Structure formats: structure tokens, C-alpha cells
Amino acid sequence: MALAVAQTLDLKGLSCPLPILRTAKAMKQMELGELVEILATDPGSVPDFNAWSKATGHALLEQTEEGGVYRFLIRK
Amino acid sequence: MAVAVRPETAVEPIQVTMTETAPGEASGKPVANKVTIILAHGDFESVMAAMIIANASVAMEQETNIFFTFWGLFPLLRDDVRFSGGNVMQKMLFGMNRGGISHLKTSKLNFAGIGPAMFNALRRKYKVASAKEMLEIAQEMGVKLYPCQMTLDLMGFKPEHLIDGLEPPAGAAAMLGFSTGGTTLFI
């Protein structure tokens, strides 16, 4: 099944806690099951998104890093 | 000289059972939790820490409360409020310690405002939100902000001196009531 991303959040350059906060805000507007792609450059966002996913139950499906940009794929 | 050594046999090894899933994880629903921050300090770094933790906590979908007391109450004053208080001591206190979240001083290296100006320049460079921005986002996200009733009385603050959107002033017992069963942080 192809993963259709509902929206991409460009959070590059932002520092803690903004990447998590912007994601949480965006999540409120999303439907259950929708996917969101996050692009961030804060290295702290790696442990933050993992902890956030565990705490909120939103599934962190993929996490990759390319050229200092961290990409997270999350399903509400 | 003989040294009393606690016999090793007296210490029972503690059995820890590790489960594969965290509590609540199996059902797919995370355990609801809450965080209460008691902000007793009004300096730049304390207020920043409180705002960052509160915003992270509310982003983690935890019920989040902040109880603002003593120096910590000053950031809840409106930025444009200058002389408050009913008596000379309260007026002097306020005159020497301007309120408002845009007027925070660092506890170290303040240098009459040069320190905070430098931290704010660094903060902008590294795209860290300001305390004021974070307070506004926190309110928008549903963080509950409780001013301490006793501090309001002590400092001579009136409701019109405070920013909008606050919970009714609370006391220590009320704070202990809403913090029960969650994580409580004192800053």
C-alpha cells in the first residue's frame, strides 16, 4: 500500500520544543490514520519524536536522516 | 579495628520483571498523565525552562498546569503595567522589579539588561521561541495557568494587572489537588 502523506511540516531550523509543538498543533487538525511528514534539523528532535510518539500513541513509522535533515513519518 | 560489614546475605536481590510493552501500550491507548509546574522564580532562565517544559508536556498530550507564585507571578503581569500596589512597599517592589514576560532578567550576568539582550539575540539566531511566544502557544494549546492568590495579595496585584486567559487564582491546597497523580516540577 502506498503511503499517501496528508501534509508535510517543514520545521527546519527550529529548536526545542518547537518541532514537537508544531507537530502536536498540526495533529489536532488531522484525521485519524492520516500521515504527516516532518522535516527538522534539530538533532534533539530524534529522541524527542521517539518519546512523543510513545507518550501520545501516534505511530512513528519511519525516521531517516539525510544531509543533516531528519525526516519523520508519523501516523495519527 | 573491626569494621562492621553488613552481611551480603541480608540483601535480597531485587527481582525486576521487564515487560515488552509499556503500560497502556498493548491497548494502543497511551496512559493519560499530567504535569504540574510550580514556577516560583521570575528570572529569564527559570521562566524559559517552565515554558519549554509546559509546551513539550502539552504537545505530549498531557494535562499541563502551571502554578505561578512569588517571583514567578511577575511574568503574568501585562507588559504595559508599571506601578502597581496599594502601599509604599508594594510600589517600591514593583518599581524595582518590572513585571511582564518581555522584561525578564537573568539571575547571572544580567548587567542591567545586556545579558538578556544577548541571550535573546542568541535565541533568535538559533530559532528558539521567546518566553512570551511560548506563553501564548501554551495558552492556545490548553495549558492551564494559575496565579497564586497569596502572592497577588502580598504584592498588591489586581486582576486587571494580569494577562488574559488565566485560571482563577488558586492556593497551595488547590495546587496540590490538581497536581495529585501527575508529575510535579518546582522551578
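Hi everyone, let me start with one helix: the buried residues of α1(A) are Leu18(A), Pro19(A), Ile20(A), Leu21(A), Thr23(A) and Ala24(A). Helices (H or I, at least four residues) and strands (E, at least two) are DSSP runs, numbered from the N terminus.

A quick word on the model: it is predicted, with local features needing pLDDT of at least 70 and side-chain atom pairs counting only at pLDDT 80 or more, while totals for chains, interfaces and linings use all residues. Residues are numbered from 1 along each chain as its sequence is written, and chains are lettered from A and ligands numbered from 1 in the order in which they are written.

Back to our helix. What do the buried residues of α1(A) pack against? In chain A they meet β1 (5-11), β2 (35-40) and α2, and in chain B they meet α1 and α4 (131-141). Contact means that the C-beta atoms of two residues, placed from the backbone, lie within 7 Å.

Now the sheet of chain A. It is open, has four strands in the order β1-β2-β4-β3, and its pairing is mixed. Strands count as paired if DSSP finds at least two bridges between them. At the edges sit β1(A) and β3(A) (59-66), each pairing on one side only. From one strand to the next, the twist averages 15°. α1(A) packs on this sheet, touching β1(A) and β2(A), and its direction makes about 150° with that of β1(A). Angles run from 0 to 180 degrees between N-to-C directions, and axes are lines fitted to C-alpha atoms, for helices over the stretch in contact. α2(A), meanwhile, lies across β2, β3 and β4 of chain A, at about 170° to β3(A). Inside the sheet, β2(A) and β4(A) (residues 69-75) run antiparallel and are joined by six bridges. In β4(A), Ile74(A) is the bridge partner of Val36(A).

On to where the chains meet. The contact takes 14 residues from chain A and 15 residues from chain B. On the chain A side, α1 and α2 (45-56) each supply at least two residues. That side has nine nonpolar, four polar and one charged residues. For the classes, Ala, Val, Leu, Ile, Met, Phe, Trp, Tyr, Cys and Pro are nonpolar, Asp, Glu, Lys and Arg are charged, and the others, Gly among them, are polar.

Which residues bring the two α1 helices together? Ile20(A), Leu21(A) and Ala24(A) touch Asn55(B), Ala56(B) and Ala59(B). Helix α1(A) (residues 18-28) and helix α1(B) (residues 44-59) pack at about 35°, with axes 9 Å apart.

Finally, chain B, which has six helices and four strands. Of its 187 residues, 30% are buried. The axes of α1(B) and α4(B) come within 9 Å and cross at roughly 30°. That makes the pair roughly parallel, a label for angles under 35 degrees, with over 145 roughly antiparallel, 65 to 115 roughly perpendicular and the rest oblique. Among the residues in this contact are Met48(B) and Met51(B) of α1(B), and Met134(B) and Met141(B) of α4(B). By class, the contact has twelve nonpolar, one polar and no charged residues.

Technical notes: Buried ≥ 20, exposed ≤ 12 C-beta atoms within 10 Å, placed from the backbone.
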